[in-house]
Amino acid sequence: MPCFKPSSLKTRTWIQVMFVIGIFLLCIGLAELVFMPASAEGNFASAYISAGTVLVILAGLRLYQGEKNYLQDERTRKIGAYGLSWSWFLTFLVLFAIFWLYYLHIWSPDAGILSVILILLMGVSARVFQLCLFRKGDVE
Amino acid sequence: MKNRIRELRTRKNLTQADLADAVGVRRETIVFLEKGTYNPSLKLAHNVAVVLGTTVDELFLFEEEKEEAEEEGIDLVLEE
């Protein structure tokens, strides 16, 4: 029986490598934080820690889920892209609404609140749209 | 789009997971393909046809699509 394998970038070995790189970055960041003063030039501790944390969480989740569940095929990529598009559009509408609320002096959020709203809205709405489309089967 | 994937798959004693592994997609993709709710790319359609030992023409029921389109007044094939 012929066998058509997906991209090697999604194999378990590659994700294990990502996980190890994540831990490595985390260690570098923590070492810098401990042994170098925060004001020192060339101290990228926060960047290393952020990048390392993201890699460890993403790769760890994929390893935990198992190979069958993180495999991306043409359907998941298509639905993923549509979910992100809808999320972007929703965020655009919300930003538009916030602008008018601010302009009409109805609500004046500070930068911190606005950032949290946008980060949560984009992340959560993308996931919600993707889940809805996954249940539907296709995007057409 | 209606298709004969389930029929040919069971005839070959393959599970949905076996077929998914063979063509390199998730099992859910095969589920939605069989239901006819997902329209695959030409490449995936070809791969599924190869694994099931048939052709894309045999696998997908284009005639029914054509009839439905004709009922709706759409010409699928341009003939001189």
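In chain B of this predicted model, residues 24 or more positions apart account for 52% of the contacts with a separation of 6 or more, a contact being a pair of heavy atoms within 4.5 Å. The model is read with local features needing pLDDT of at least 70 and side-chain atom pairs counting only at pLDDT 80 or more, while totals for chains, interfaces and linings use all residues. Residues are numbered from 1 along each chain as its sequence is written, chains are lettered from A and ligands numbered from 1 in the order in which they are written, and side-chain values use heavy atoms, with hydrogens and water left out.

Chain B has 6 helices and 0 strands, where helices are DSSP runs of H or I of at least four residues and strands are runs of E of at least two, numbered from the N terminus. Of its 80 residues, 40% count as buried, that is, under 20% relative accessible area with a 1.4 Å probe and protein chains only. The accessible surface of chain B comes to about 4,900 Å², of which 47% belongs to carbon and sulfur atoms; the area comes from the Shrake-Rupley method with a 1.4 Å probe.

Helix 4 of chain B, residues 42–51, has B:L44, B:A45, B:N47, B:V48, B:A49 and B:V51 buried. The cover over these buried residues includes helix 4 (74–103) of chain A, as well as helix 1 (5–11), helix 2 (16–23), helix 3 (27–35) and helix 5 (56–59) of chain B. After helix 4 of chain B comes B:G53, with a positive phi near 70°.

The axes of helix 2 and helix 4 of chain B come within 10 Å and cross at roughly 120°, axes being lines fitted to C-alpha atoms over the stretch in contact, with angles from 0 to 180 degrees between N-to-C directions. That angle makes helix 2 of chain B oblique to helix 4 of chain B, because angles under 35 degrees count as roughly parallel, over 145 as roughly antiparallel, 65 to 115 as roughly perpendicular and the rest as oblique. From helix 2 of chain B, B:L19, B:A22 and B:V23 meet B:L44, B:N47, B:V48 and B:V51 of helix 4 of chain B. The residues of this contact divide into 6 nonpolar, 1 polar and no charged.

In helix 1 of chain B lies B:R9, which counts as buried because its relative accessibility is 7%. Leaving aside residues up to four places away in sequence, B:R9 touches B:L14, B:T15, B:Q16, B:L19, B:E34 and B:L52.

Notes. Buried means under 20% relative accessible area, exposed over 50%, partly exposed in between (1.4 Å probe, protein chains only). Ala, Val, Leu, Ile, Met, Phe, Trp, Tyr, Cys and Pro count as nonpolar, Asp, Glu, Lys and Arg as charged, and the others, Gly among them, as polar.
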